[in-house]
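The points follow the display below.

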Amino acid sequence: MRDAHGRRIDYIRLSVTDRCNLRCTYCMAEEMEFLPRRDLLTFEEIETLARHLVGRGVKRIRLTGGEPLVRKGIVELVEKLGAMLGHGLEEVTLTTNGTRLPDMAEQLFAAGVRRVNVSLDTLDPARFARLTRRDAFEQVMQGIEAARSAGLAIRVNAVAMRGVNDDELGDLLAWCGERGYDLALIEAMPLGDVAVDRRQAHLPLDEVRRSLEQTFTLLPSLHRTAGPARYFDVAETGTRLGMITPLSDNFCAACNRIRIAATGTVYGCLGHDQKVELRDIIRTGGPEALDDALDRLLAGKPARHDFDIERNEPALARHMSVTGG
Ligand code: SAM
Ligand code: SF4
């Protein structure tokens with residue numbers, strides 16, 4: 001699949017639910033109205049869509065949400081996708097808050113998952129409770145440990161926010177390094193109405209890098225995953241530091257992905273409303289109609305997002321949990 005800007009699309013972010021058992025302040029409001037369950041694609045429909053997309057050249061699928069592991073029966077879906085590995089599909093991964101990994105890490109590994117991104121913005125349990133509005137720090141710690149012992153490679157994702165967790169990003173990098181985990185820092189994006197004042201919390205990662213370089217030797221790395229992170233090798237730990245900089249350093253020219261919401265709405269870009277609706281087409285349209293809709297999406301895929309931290313309002317009303325991070 002190629003879009004109108006010549007970019008090859010071979011990576012899918014698939015949100016399996018917009019629900020979550022945490023309420024991270026930069027992602028959700030405390031009171032959220034979630035999608036009715038009847039509107040979600042069934043696992044069979046997701047499998048049909050995934051198979052079709054793999055047929056069109058998709059090599060990697062990342063399950064996300066909301067929290068993907070709170071959807072009932074999720075391991076079954078991962079098993080279905082895992083069965084496509086080696087038949088066009090090269091990787092199935094997940095982004096998770098880690099709370100359900102204690103029970104699920106081994107099953108995910110058995111289904112073919114080899115690495116996971118686990119979100120963790122702080123090592124301080126009280127700060128964690130404030131940031132996520134839930135008391136789940138220990139669960140996440142156990143989840144990360146369960147993933148490690150199941151054999152999953154781990155990248156910790158942390159949203160870097162001024163005045164919130166900027167004082168402990170070095171500790172987080174050291175903590176990850178001691179355990180052999182990569183760390184990716186993310187600039188907070190203006191999506192959906194939430195409690196955080198994003199202008200105040202905005203922290204360009206260039207600034208973070210300069211501050212981390214007082215303690216760590218960061219060597220630009222050629223390492224790439226399918227996502228937008230630019231990596232550094234951390235000489236002291238042998239692990240990597242990724243930087244995801246949607247606001248301070250635009251990476252859209254190399255975009256290789258589209259995003260499927262749990263309802264079957266497919267978005268060309270996290271930062272735009274350009275979309276096609278696939279649910280009814282999957283249900284009744286057949287493969288040609290699916291191709292037509294995907295081609296329409298690719299033709300209109302925006303050149304770049306237009307997030308602007310100076311605008312004191314969300315770029316889109318849609319929360320991150322709908323399209324998946
Ligand atoms: N619940 C899972 C989790 O937290 O990892 C998966 C979904 S979550 C939306 C995916 C990633 O997006 C997480 O790493 C989260 O920290 C990040 N995220 C959420 N809202 C964000 C925002 N407004 N800007 C930047 N990153 C955000
Ligand atoms: Fe839930 Fe992930 Fe959003 Fe936090 S970032 S509220 S864990 S979906």
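1. How many Å separate a polar side-chain atom of E67 from a nitrogen atom of ligand 1? The separation is 3.1 Å. Please keep in mind that this is a predicted model, so the distance is a computed one.

2. Around ligand 1 there are 19 residues, and those that come nearest are Y26, G66, E67, S119 and M189. Besides E67, two of these have a listed distance to a ligand atom. Y26 places a polar side-chain atom 3.1 Å from an oxygen atom of ligand 1. M189 uses its backbone instead: one of its N or O atoms lies 2.7 Å from a nitrogen atom of the ligand.

3. Ligand 2 has its own shell, made up of C20, L22, R23, C24, C27, M28, G66 and N97. Sorted by class, five of the shell residues are nonpolar, two are polar and one is charged.

4. Now to the strands. Is strand β2, residues 60-64, largely enclosed or largely open? Four of its five residues are buried, so the rest of the structure largely encloses β2.

5. On one side of the pairing scheme, β2 goes with strand β1 (residues 11-15); the two are parallel and share five bridges. Within this pairing, I12 has I61 of β2 as its bridge partner. To get from β1 to β2 the chain passes through helix α1 (residues 43-55), in a right-handed β-α-β crossover.

6. β2 also pairs with strand β3 (residues 91-96), again in the parallel sense, over four bridges. Here I61 stands opposite V92 of β3. Helix α2 (residues 74-82) carries the chain from β2 to β3, and this β-α-β crossover is right-handed.

7. Which side chain does the side chain of R115 meet in a polar contact? The partner is E91, at 2.6 Å. Setting aside neighbours within four places in sequence, R115 is in contact with R62, E91, T93, L94, L152, A153 and T225.

Conventions. Residues numbered from 1 in each chain as written. Chains lettered and ligands numbered in written order. Predicted model: local features only at pLDDT ≥ 70, side-chain atom pairs only at ≥ 80, totals over all residues. Heavy atoms only, no water. Near = heavy atom within 4 Å. Nonpolar A, V, L, I, M, F, W, Y, C, P; charged D, E, K, R; others polar. Polar contact = N/O pair within 3.5 Å; in protein donor to acceptor, adjacent residues only side chain to side chain. Contact = heavy atoms within 4.5 Å. Buried < 20%, exposed > 50% of the residue type's maximum accessible area, 1.4 Å probe, protein only. Pairing = 2+ DSSP bridges. Right-handed = clockwise from strand over helix to strand, strands pointing away.
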